[in-house]
Amino acid sequence: MHSKASLLDIHERSHRSLAKLLEHCRSLSADDLQRRLEGFGEATVPLQLHHVIAAEQYWIGVLQGRMETDDTSAAYPTIDALEAFRQQIAAQTVAYLQAASDEELNTARPMVTYGGKQVELQPAHVVLRPLMHIYHHQGQVLAMCRLLGKPGSGMDFPLA
């Protein structure tokens with residue numbers, strides 16, 4: 001069973017790690033930010049970061065009965081723009097969690113996902129999905145940074 005308090009804690013820690021990654025990416029030049037690196041799904045660092053944040057936006061929208069797909073990655077070419085987007089979406093998730101009861105978070109219910117597909121999902125798992133997704137793409141962004149000559153470290157899930 002998941003609690004609102006534990007999900008808020010995991011969310012805060014995950015976003016602390018993501019914010020640290022964004023801060024590390026400030027060390028990349030404008031050219032490096034736009035350099036295409038094949039083999040990573042999204043081929044640039046900003047596209048990877050946008051994908052991570054937009055995934056949380058999408059899943060919180062699913063929880064609230066909205067289909068939010070942010071296909072405007074071009075609107076976030078800078079780390080400042082991506083950090084503002086991260087803060088906006090993190091605030092939406094926090095607002096959702098603060099308003100939800102533990103019972104609601106742990107009770108599966110029908111939800112509509114991409115393509116109009118209706119599936120029964122547990123809201124707590126839907127909240128956790130994009131938070132786990134952060135770490136998958138964080139590894140990809142750090143590998144990209146390493147290839148661009150700016151290796152980073154110390155961005156694992158914060159224990160303290």
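Start by selecting L18: leaving aside neighbours within four places in sequence, it is in contact (heavy atoms within 4.5 Å) with L49, V52, I53, R86, I134 and Q138. You're looking at a predicted model, where local features need pLDDT of at least 70, side-chain atom pairs count only at pLDDT 80 or more, and totals for chains, interfaces and linings use all residues. Residues are numbered from 1 along each chain as its sequence is written, and side-chain values use heavy atoms, with hydrogens and water left out.

Stay on L18 for a moment. Is this residue buried or exposed? L18 counts as buried because its relative accessible area is 2%; the cut-offs are under 20% for buried, over 50% for exposed, and partly exposed in between (1.4 Å probe, protein chains only).

Helices here are DSSP runs (H or I, at least four residues; strands are E, at least two), numbered from the N terminus. Helix α1 covers residues 4-25, 22 residues in total, and spans 31 Å from first C-alpha to last, close to the 32 Å expected at 1.5 Å a residue. That expected span is 1.5 Å times one less than the number of residues. Pick out the buried residues of α1, among them L7, H11, L21 and C25. What do they pack against? Show α2 (30-34), α3, α4, α5 (102-106) and α6 (123-147) to see the partners.

Q140 counts as buried because its relative accessibility is 17%. Beyond neighbours within four places in sequence, Q140 is in contact with F40 and Q48.

Last stop: M67, in the loop between α3 (45-63) and α4 (79-99). M67 counts as partly exposed because its relative accessibility is 39%.
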